[in-house]
Amino acid sequence: MEEKVLIVKFGEVAMRKNNRPIFISQLVKTMRNNLKKEGNFYIVKEQGRLIVEDRGGEMEYDRVIPKIVPIFGLVGVCPGVKTTDQSMENLRKVALNHMKEFFSEQKITFKVEVKRADKRYPLTSKEIAADIGGYLLERMENLTVDVHKPDAVLRVELRNDAYVFSKIIKTFGGLPAASSGRGVALLSGGIDSPVATWLMAKRGIAVECVYFHSPPYTSEWAKQKVEDLAERIACFTGEIKLHVIPFTEVQLYLLEHVPHDKLTIFLKRAMMKAAEQIAYQNHALALITGDSVGQVASQTLQAIHAINSVCSIPVLRPLAGMDKQEIVDLAKKIGTFNISIQPYEDCCTIFVAKHPETRPKTNVIEAIESKLKELDSLIQKAVETKEIIIKE
């Protein structure tokens, strides 16, 4: 008996020793959740592998693979064949059918690699590889052997069953979703914050997002852009909760009561206060921002210090050491860039000072803020009137 399967490989998870079963269980849970709408799938745990089987019929690789590739914690997905018959006669046949399916229309070089979990098998790995390779050469005129830099490597793994595959689709690595605690990401409509959110999700943090909406100064299109960004990130993380906080009153109050060159600093501090309240309400242990040191005036080290002093929980800045082009390249890779560049501005862009201070002194900022008697109540009101949107 043989059937099409996916051989799924995981990376860091394999090094987790005593906690490995917990991480693998989380991977399996995420895979099942991603596949539940696609049919009747079964996930088998093999040593160092997860095998996805389609119990509803023959697996359609093009339909199933896109549901597996975005899952954090995985390093590779291989479309292949599982067979219970490990005789050489059957292995030759399975290998030939597989190579014809993937490589029948082009001239390529190849080699065969074999791994035997059971060393009692009557032939060595080299003998099996030579046998199958010779068999393929006789029956596929478009193949030639290159053992050093082949175009394709046919892999045969003999475990409890035999697995034959040749393509390894690289995935994103990282740690399984929700395996590292919960964090709240400040998500704007720009390029940076979605990438920062994605990077922290890749490290196993269950992310919730906060967006600060300032109608009529920001449009519903700007809000929709952020919803679209959250939905895109949810392709990797599963369900995401987006907290939309109405921030117009807070921003107008700051505009009237603080020096204009310091407006951005006070605005960011107010956002941090609001996001921290969301974090406490949802048992999150950190905030996440898209700051890149020195990229704009509010991201100089002095500005970051002045903004950070308002927080009592850690603030994670995964983009801190990246330049803009690196961030743009990653945004394109994960599919957020084209959403972020839509021409709908967020409240940070609209209310930015024309000549912002780049080296604010924290003690000066705190002294001014201590006189803003209505600020905390306005922030509290904004948090209490938030809208929650679920994206998946």
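Predicted model: local features only at pLDDT ≥ 70, side-chain atom pairs only at ≥ 80, totals over all residues.
Trainee: How do the axes of helix H1 and helix H2 cross, parallel or oblique?
Mentor: The axes of H1 (residues 20–35) and H2 (residues 61–68) come within 9 Å of each other and cross at roughly 135 degrees. Angles over 145 degrees would count as roughly antiparallel and those from 65 to 115 as roughly perpendicular, with the rest, beyond the parallel range under 35, taken as oblique. That makes the arrangement of H1 to H2 oblique.

Trainee: Which residues of H2 make the contact with H1?
Mentor: H1 passes H2 in a right-handed crossing. By class, the contact has 4 nonpolar, 1 polar and 1 charged residues. On the H1 side it is made by Met 31, Asn 34 and Leu 35, and on the H2 side by Val 64, Lys 67 and Ile 68.

Trainee: Which strands stand at the edges of the sheet?
Mentor: The sheet is open and mixed in its pairing, and its 6 strands follow the order S14-S13-S10-S11-S12-S15. An edge strand has a single partner, so one side of it is left without a neighbour in the sheet. The strands in that position are S14 (315–316) and S15 (387–391).

Trainee: In S14, which residue is the bridge partner of Ile 288?
Mentor: Strands of a sheet pair through backbone hydrogen bonds, either parallel or antiparallel. Here strand S13 (residues 286–288) and S14 run parallel and are joined by 2 bridges. The bridge partner of Ile 288 in S14 is Leu 316.

Trainee: What angle does the direction of helix H6 make with that of S12?
Mentor: Helix H6 (residues 220–237) packs on the sheet, where it touches strand S11 (206–213), strand S12 (240–246) and S15. Its direction and that of S12 make an angle of about 160 degrees.

Trainee: Is the ring pair of Phe 172 and Trp 198 stacked or edge-to-face?
Mentor: Phe 172 lies in the loop between strand S9 (169–170) and strand S10 (182–186), whereas Trp 198 lies in helix H5 (residues 192–202), so the pair links parts of the chain 26 residues apart. The ring centres are 5.5 Å apart and the planes stand at 85 degrees. Planes over 60 degrees apart count as edge-to-face, and the pair is therefore edge-to-face.

Trainee: How many charged residues are in the contact of H8 with H9?
Mentor: Helix H8 (residues 263–281) and helix H9 (residues 301–308) pack at about 40 degrees. Ile 265, Lys 268, Arg 269 and Met 272 of H8 meet Ala 303, Ala 306 and Ile 307 of H9. These divide into 5 nonpolar, no polar and, for the charged class, 2.

Note on methods:
Residues numbered from 1 in each chain as written. Heavy atoms only, no water. Axes fitted to C-alpha atoms, helices over the stretch in contact; angles between N-to-C directions. Helix = DSSP H or I, 4+ residues; strand = E, 2+ residues; numbered from the N terminus. Left-handed = near helix turned anticlockwise from the far one by under 90°. Contact = heavy atoms within 4.5 Å. Nonpolar A, V, L, I, M, F, W, Y, C, P; charged D, E, K, R; others polar. Pairing = 2+ DSSP bridges. Phe/Tyr/Trp six-rings, centres within 6.5 Å; stacked < 30°, edge-to-face > 60°.
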